[in-house]
Amino acid sequence: MVTDLPPPAAPLPAAIRIADLCFAYHAKPALQQITLDLPAHQITALIGPSGCGKSTLLRCINRINDRIPGARITAGSIHIHGIDINRPDIDLQELRRRVGMVFQKSNPFPKSIYENVVFSLRLSGIHKRSELDATAETALHAAALWDEVKDRLHTRALGLSGGQQQRLCIARAIASQPDILLMDEPCAALDPIATLKIEELLHQLKKQYTIVIVTHSMAQATRCADHTAFMDLGRLIEFRPTLQLFNTPHHPQTLAYVTGSFG
Amino acid sequence: MSKTDEVPHRFSKQGFSLEKAIRFFFASNAGLTIVILVLIIAFLLKEGLGFFPGYRRELEVYRIAGLEFVDLSRSNLTAHEQLSSVLNRAYFAQINGLCASELKRSQEAAAVFNAYSERSAATHDLIVSNLDAGIAPDSEMLATLRQNHAASTRKALAELPATPHLTRAERAALIQSIATREVSSKDDPPLVTALAAQYAAAQQTHAEPLAGLRGTLDAFDAAGTDLSALVSEMTVAVTATKEAIQAGDVLEKNRTTLVAAAAHAKTPAAREKLLADAQTSLAAKTDIDGPMQALMLRKPACIAAHADLRQACAGILDGLPAALSQPEAERLLRVARKAIPAFMANLEQAPQRIGQWRHDTPVPLTAAIGSFLTGKDWVTGGEWQDFYGILPLLVGSLMISLVALCLAIPAGVGAAIYVNQFASRLEQAVIKPVIEFIQAIPSVVLGFIGILVFGSVLRDISQFDSLAWVPGFPIEERLNIFTAGCLLALMSIPTIFTLAEDALNNVPAAYAEASDALGASRIQTSFRVIIPAAFSGILAAVLLGLGRVIGETMVVLLVAGNRIKIPDFSSGIGAFLQPSHTLTGIIAQELGEVPLGSVHYRALFVVGILLFAIVLGINATAHKFVSRSRH
Ligand SMILES: Nc1ncnc2c1ncn2[C@@H]1O[C@H](COP(=O)(O)OP(=O)(O)O)[C@@H](O)[C@H]1O
Ligand SMILES: [Mg+2]
């Protein structure tokens, strides 16, 4: 079997380096010694049984876990483009502008479509109409939503369909021109057609952004991701190019999971 | 039918199950509530709607008896008296303003002496009565009494009021003269007398340059004498006519009741008796034409009196000084100047109005409705004529609510935002129960605190000279719109706070998370996402607070001052420091005393209906906002 392995690919520049990361909610450990280099301008999928810590890991990358009282990193580090994001002098707001996030349940604000997209600009004090208009259009184009909403930019965002709302959230996240896009099961609540649209979109976005996506669908991981990381019980079990991981898993646990005989 | 059909299917329920009984119990409770609400509304309408025909008749009597005619003249006479009073107040304000220092010095010296006299009166009087009695006073007892008096004098002298306008030496001299005063002396201390004389002299000095104004004012005062006499004379006549008409109305009502009873009488004999009674109650038709003709004969005299008055007042504007140096006097002068043109215009129109007035112009029902909704007077139980104009009450209620909301919105909503968004756990645990506790204070207790503490403190503060620039200061009435508004604000803060806090709490956490993930700071998340998302809910909270404020009775009854008059807006924002009455207060105050079924009684019901409609409208609007704010 080992001889069948392709030669190791040329090392890609890593956008995010996670080293020996341990994380706990209060005293309860959720991540243990995760070491993972996520390559730039690639899509990396995180898969694993539910409760294994995929979301927790993702939420460490933009430090949104800071919101949860008692949640903290107990060991290890995360570097983005070589900078330790857990250093005390990190500007959290700036970090989050650089690392966008899309949540499992679409959560547009109860404002107009337009105001949702330009939200991050307004936060940075940009109120010039032309600038806002340009950004809104670019972001909505990039999120493949422009044609559907261009005539009703100023209507309520909550009036959009589920798939449109999720793409709006993507547009909102990329409006501040981040480098990295984190997505936590973005298609979990969507129908297959809306899911397909988002997957197509991911292929487009990959050119500009480093994308980390959590998914519970192995099919989705195979369709979209360049690399896949399999996690279980807070540990990283295996991290390899997607096709290799699914076709020739190294680890018996991975094998059990991808063949569906897990548990 | 075959026999098997009658056997119930084996799954079908049999008899009256417990489930059905429970269902019925709850359904009947809900039904009962609705029935009671409908009954309440029906009762309100039944009692209230009879008001308008009744009030129409009262207004008709007001016209046919000639009271309305007299009021045409009387209104001008009243305006003249008011104008005259304002001008006189301006005159005295000017003089007293110029002698302010003398006035204060004299008042302070007198106050010191009065305070002493009051405190030592008891022991002083004992000595005097013992000396006066003529009996040879027991020298030992007298010595004790003198000792007591000396002690009380010492005590009184230790607690004299402050005298900021007297020099130290003067105060010392005054105290000295009091301390060494003969018991039998009846004279005031020399300083008191001297200062009083100084004040009188100053008054005289300052009055001299104003002699011209004094003359003008005296002439102006005197100008109303003729009209006044005429009005008093007519008043007696029309009041008699009105009484006759009302007596006739009562008899007529008795008669119709008896006739109606006769129609339902059981035996022919009883019917005969009732009809006979009705016959005796048949009023001789009240003669209104005779007195009316007599009244109409006065028309020329009235017109002439108006013409005279107008002539006498024509020069008044020119007779007034261009300006007065004292601020209060100047303010009053300006008030008078502003009122004079309208007064003169009314005088000018009066002859025509008097000439055209007719007693037989019909009074339509709409006139009663209009008079109720837009009337500026709520006069009841008076000897002259009752008016049920809701405006003074409505304005009072609205002004009090405005004050309450202006204070309660920032406090309640601000506290809700702080507690929900920024407070630490500990702060939350303290602030929330404390604010909610306010709700537990019975409103009558709150009203009582309002009168004793808040009203008095505010008035005392307003007496400071250095605060005289605040509009409406110094406050004349301890109980006023502002005090009531403050207390109602206190009462509505818990409502607004609790509901607004709920609204903020109901904003999904996902919004805050999304906002944080986009790089918003704490404050940005609160003010750009959470508060806007809770906006409808906060608005609903404010509206429900308003509903509570408008419907509140006890506090306004105790604290608003209960003066039925539209506040005088000529003093600007100071209008909020005047007393007022309210829609709720008037019902609480008057309903217990009115005769059942009278027009006044029904008027209060209509006020109740109006109140009900306002609060219902507010709550319905709030409800709309609440349902819109569901996320
Ligand atoms: N806010 C939280 N507080 C405490 N424990 C949490 C919290 N969120 C997640 N966990 C726990 O951490 C573990 C990992 O959760 P999560 O990262 O959400 O898993 P996944 O996304 O892979 O389903 C789970 O055992 C879960 O119960
Ligand atoms: Mg998850």
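I began with Thr153(B), which touches Tyr116(B) and Ser120(B), residues up to four places away in sequence being left out; contact means heavy atoms within 4.5 Å. I noted that the model is predicted, that local features need pLDDT of at least 70, that side-chain atom pairs count only at pLDDT 80 or more, and that totals for chains, interfaces and linings use all residues. I also noted that residues are numbered from 1 along each chain as its sequence is written, that chains are lettered from A and ligands numbered from 1 in the order in which they are written, and that side-chain values use heavy atoms, without hydrogens and water.

I located Thr153(B) in helix H5 (residues 139–158) of chain B; helices (H or I, at least four residues) and strands (E, at least two) are DSSP runs, numbered from the N terminus. I recorded Thr153(B) as buried, at a relative accessible area of 8% (buried is under 20%, with a 1.4 Å probe and protein chains only).

I turned next to the sheet of chain A. I found 4 strands in an open, antiparallel sheet, in the order E2-E1-E4-E5; two strands pair if DSSP finds at least two bridges between them. The edge strands are E2 and E5 (83–84) of chain A, each pairing on one side only.

I then followed E1 (residues 14–25) of chain A, which pairs with E2 (residues 28–39) of chain A over 8 bridges. The two form a hairpin with 2 residues between them, and His26(A) in the turn has a positive phi of about 50°. I saw Ala24(A) opposite Pro29(A) in E2(A), and Tyr25(A) opposite Ala71(A) in E4(A).

Note on methods: Buried < 20%, exposed > 50% of the residue type's maximum accessible area, 1.4 Å probe, protein only.
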